[in-house]
Amino acid sequence: AAIDEAARRFPALPVIVVGHSMGCADALRGLDHPDVAGAVLIGAGLWDGDPTPAQIRKFRERRGLGPELGDTRTEAIMRAFYDNAQFAQQLRPLHPPILYVRLGLEFEEIAQTRDTLLHMLPGQVRPLDLKGATHYLNCSSKGGFVIGDTTAARRLGSEIRRWARGLSAVPASNTYAATSLSHPATRQRRR
């Protein structure tokens, strides 16, 4: 629905799906949409085998998901929205181009698997290393406030605009239709 809305509202512009972390699986699925000109994957990784109870708890804690969610439901979320290998294997060889962003200061489980995912992706894939950037682009939450250094986000935005210009006739004003796909379960709760 978000892709259809972006294409309807901005018919003269290419639609680029952007996925961060677990949202990368949604962006990979979005590559099958006929209106999508490209995808940006930021901080994508793989699960290797069945997650252990410790990995499940760590996953839930890092995303601000409470223990009331339970291990079974958390594992189901992990499989449904973080199984990038499944979505990479389903891509058609002539899918739209992908900008694959590797963050320099990444979670260990993502840093260990991101290159494996990169090599699984068929077709046009351009890696981009954003050195010095954390998984959350150097932002953190303290006392209900988001504290961040916008340098990494601005660098990433510039790189995405540069990459997007090569997809089709993107205006020099750097305007393009972009939709961010993410699952509500990944949003951090504010205390």
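Q: Before we start, what do buried and exposed mean here?
A: Buried means under 20% relative accessible area, exposed means over 50%, and partly exposed is in between. One thing to keep in mind: this is a predicted model.

Q: Got it. So is arginine 8 buried or exposed?
A: Arginine 8 has a relative accessible area of 57%, so it counts as exposed, being over 50%.

Q: What does arginine 8 form a salt bridge with?
A: With glutamate 5, and their closest N and O atoms are 2.7 Å apart. Glutamate 5 is partly exposed, at 33% relative accessibility.

Q: Which residues of H1 are buried, then?
A: Ile3, Ala6 and Ala7. They cover an arc of only 95° around the axis, so they sit on the same side of H1. The face turned away from that buried side carries the exposed residues Arg8 and Arg9.

Q: Let's move to histidine 33. Where does it lie?
A: In the loop between helix H2 (23-30) and strand S2 (36-42).

Q: And what does histidine 33 touch, if you skip residues up to four places away in sequence?
A: Ile3 and Asp4. With aspartate 4 there's a polar contact of 2.7 Å between the side chains. Histidine 33 and isoleucine 3 are 30 residues apart in sequence, but their C-alpha atoms are 7.8 Å apart in space.

Q: Back to salt bridges. How many does the structure hold?
A: Ten. One of them joins aspartate 71 and arginine 60, with the closest N and O atoms 3.1 Å apart. Aspartate 71 is in helix H4 (residues 71-82) and arginine 60 is in helix H3 (residues 53-62), so the pair ties together parts that are eleven residues apart in sequence.

Q: What lies 2.6 Å from a polar atom of its side chain?
A: The backbone oxygen of leucine 103.

Q: Last one: how do strands S5 and S6 pair?
A: In the antiparallel sense, over four bridges. They form a hairpin with two residues between them, and glycine 143 in the turn has a positive phi of about 55°.

Terms used
Residues are numbered from 1 along each chain as its sequence is written. This is a predicted model: local features need pLDDT of at least 70, side-chain atom pairs count only at pLDDT 80 or more; totals for chains, interfaces and linings use all residues. Side-chain values use heavy atoms; hydrogens and water are left out. Buried means under 20% relative accessible area, exposed over 50%, partly exposed in between (1.4 Å probe, protein chains only). The arc is that of the directions from the helix axis to the C-beta atoms. Two strands pair if DSSP finds at least two bridges between them. A polar contact is a pair of N or O atoms within 3.5 Å; within protein, one must be able to donate a hydrogen and the other to accept it, and residues adjacent in sequence count only if both atoms are side-chain atoms. Contact means heavy atoms within 4.5 Å. A salt bridge is a side-chain nitrogen of Lys or Arg within 4 Å of a carboxyl oxygen of Asp or Glu.
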